[in-house]
Every structure is written in C-alpha cells, then in structure tokens.
Amino acid sequence: MSQLKVNSIIPVAGVPTGGGGGIVQTVQTVKTDTFSTSSTSYTDVTGLTVNITPTSNTSKILIYCLINGQGNASTQGYFNLVRVISSTTNSTLFVGDAADSRVRGSTQMYFNQGNETKNGTIVFLDSPTTTSAITYKIQCVTQGSGTIFVGRSTDDNTTAVAGRFPCSIVAQEVSA
C-alpha cells in the first residue's frame, strides 16, 4: 500500500483568501546594459521594468529592485518605483513625504569616487486591486547639472578599476 504524506498542498492560484502568503507567480527582469540621463524630470530607466498580471484582485504584489549606479560629481540621482496599470494609469509608489522643495524618492545615489558605484534597494508590498496587466518600472532624475549612470561607474574606462554591474526588478504575486 502507498502513502502520500505532506505538510501542505498549495493550489496553483495560491492559498484561499484569508489563508494569505502563498506565492502565486514570480517574474523578473535583469538589466545588464547601461543607462544614463541628465534629465531634471523623472525619466524611465530603459529596461528596468517588470510585467505581471495578477490572478486575483485581492492579491498583493511584492516588488524587489536592486539598482547599481552613480551620479557624477555635479549631481545625485533619485529613483522612484512607478506602477502602470493597463498601460494607462501611472502611480508613483513608495516615496518619502513631501516637505518643502525636497525631492521625494524611493532611493538615491551620489558621487564618491569616479570608479565606484552605489546600490539602491527597493522592497515594497503593493495592493493594486486589479487583474489587469501591471508594469512596475524605475524612473530617475538628476539633482544638479550632471549625469546619473546606471549599471556602471562614472569613470567607465577600460581598466580594471572600472566595472559594469547588473540591475534587477522582481515582482511576486502573493495571495491575500
């Protein structure tokens, strides 16, 4: 006689409402090329987006993002997490409170040494209440007259002191 013993069985669609915490799906985008901007308005970081379509409107979406980069000596860079539902509705998520003329952002990078990069991490649990397609993307803006670089240091020369570094964004649907 055969026996099957398990601690639990989680359905493909996750645990039922009220059970909470089951991972329904995970999607990831890895960016290995570089990006730079001198824009003083928030600009999409090319290739640092992830698309997910929730299976339930009660699901939450857990976002993890790692950004490697640096501003040059004339600026610092601010990064925001943005949600786009059905290619139309942009919502900036997970930013600091408004205070005077201070920049609101999810994370920041600045210049220290020309051959050094900083990394910014964003971790946020979103409640989009939709089953429509969602794009999560990263936008950045410079504060100053310089350039922000993503995926590389300011001194992007061909010697061993300069490097190239990946960035990634992950979205996980979590059952409610």
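Which residue forms a salt bridge with lysine 31? The partner is aspartate 33, and the closest N and O atoms are 2.8 Å apart. A salt bridge here is a side-chain nitrogen of Lys or Arg within 4 Å of a carboxyl oxygen of Asp or Glu.

Some ground rules come next. This is a predicted model, in which local features need pLDDT of at least 70 and side-chain atom pairs count only at pLDDT 80 or more, while totals for chains, interfaces and linings use all residues. Residues are numbered from 1 along each chain as its sequence is written, and side-chain values use heavy atoms, with hydrogens and water left out.

Back to the first pair. Lysine 31 is buried, at 2% relative accessibility. Aspartate 33 is partly exposed, at 44%. Buried means under 20% relative accessible area, exposed means over 50%, and partly exposed lies in between (1.4 Å probe, protein chains only).

The whole structure holds 3 salt bridges. One of them joins lysine 137 to aspartate 44, at 3.2 Å from N to O. Lysine 137 sits in strand S9 (residues 134–144) and aspartate 44 in strand S3 (residues 43–52), so this contact ties together parts 93 residues apart in sequence. Strands (E, at least two residues) and helices (H or I, at least four) are DSSP runs, numbered from the N terminus. Lysine 137 is buried at 11% relative accessibility. Aspartate 44 reaches 34% and counts as partly exposed.

Arginine 83 and aspartate 126 form another salt bridge, with their closest N and O atoms 2.8 Å apart. This pair also links distant parts of the chain: arginine 83 belongs to strand S5, aspartate 126 to strand S8 (residues 118–126), and 43 residues separate them. Arginine 83 is buried, at 12% relative accessibility. Aspartate 126 is buried too, with a relative accessible area of 4%.

Now turn to strand S11. How many of its residues are buried? The count is 8 of the 8, across residues 167–174, so the strand is largely enclosed by the rest of the structure. Both faces are covered. Cys167, Ile169, Ala171 and Glu173 are buried on one side. Ser168, Val170, Gln172 and Val174 are buried on the other.

Which strands pair with S11? Strand S1 (residues 23–31) runs antiparallel to S11, joined by 8 bridges. Threonine 26 has glutamine 172 of S11 as its bridge partner. Strand S4 (residues 60–71) is also antiparallel to S11, with 7 bridges. There, isoleucine 61 stands opposite glutamate 173 of S11. Two strands pair if DSSP finds at least two bridges between them.

The cysteines come next. A search of the whole structure finds 0 disulfides, a disulfide being a pair of cysteine sulfur atoms within 2.5 Å. For cysteine 167, the nearest cysteine sulfur is that of cysteine 65, 7.2 Å away. Cysteine 167 is buried, with a relative accessible area of 1%. Cysteine 140 is buried as well, at 0%.

Finally, look at the loop between strand S5 (75–85) and strand S6 (89–93), where serine 86 is found. Most residues other than glycine have a negative phi. Serine 86 has a positive phi, near 50°. Serine 87, in the loop between S5 and S6, also has a positive phi, about 60°. Is serine 87 buried or exposed? Serine 87 is exposed, with a relative accessible area of 71%. Serine 86 counts as partly exposed, at 37%.
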